[in-house]
Amino acid sequence: MFWWRLSFLDQGLFEPQVSITEEIKTVSKQFEEFGVCGKVTLKSKLWEIAYPDLHYMCLLPENVNTKGA
């Protein structure tokens, strides 16, 4: 046939394999080589990635008086 119909349906021909095992190994090696400050920084960054809904920031008070300062 001259014309073919373009289809984006998954026909089970190709299943991409997505993995982060190499990256985790590299981060683990770097973590062991870091000092205390580097370990704390890396751990806080990983914590932000692992728990995006939680954060260290405190909420501001609801009524902030800015007049008369």
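Select Gln30 to begin: its relative accessibility is 38%, and it counts as partly exposed, a term for values between buried (under 20% relative accessible area) and exposed (over 50%), taken with a 1.4 Å probe on protein chains only. This is a predicted model, in which local features need pLDDT of at least 70 and side-chain atom pairs count only at pLDDT 80 or more, while totals for chains, interfaces and linings use all residues. Residues are numbered from 1 along each chain as its sequence is written, and side-chain values use heavy atoms, leaving out hydrogens and water.

Gln30 belongs to helix H1, residues 21–33, where helices are DSSP runs (H or I) of at least four residues, numbered from the N terminus.

Next, display H1 together with helix H2, residues 36–50: their axes, as lines fitted to C-alpha atoms over the stretch in contact, come within 9 Å and cross at roughly 150°, on a scale of 0 to 180 degrees between N-to-C directions. The two helices are therefore roughly antiparallel, the term for angles over 145 degrees. Val27, Phe31 and Glu32 of H1 meet Lys39, Leu42 and Leu46 of H2 in this contact, which means heavy atoms within 4.5 Å.

Finally, select Trp47 and Tyr51, which form a tilted aromatic pair, with 5.6 Å between centres and 50° between planes; ring centres must lie within 6.5 Å to pair, with planes under 30 degrees apart counted as stacked, over 60 as edge-to-face and the rest as tilted, and Trp represented by its six-membered ring. Trp47 is partly exposed at 22% relative accessibility, and Tyr51 is partly exposed at 44%.

Note on methods:
Angles under 35 degrees count as roughly parallel, over 145 as roughly antiparallel, 65 to 115 as roughly perpendicular and the rest as oblique.
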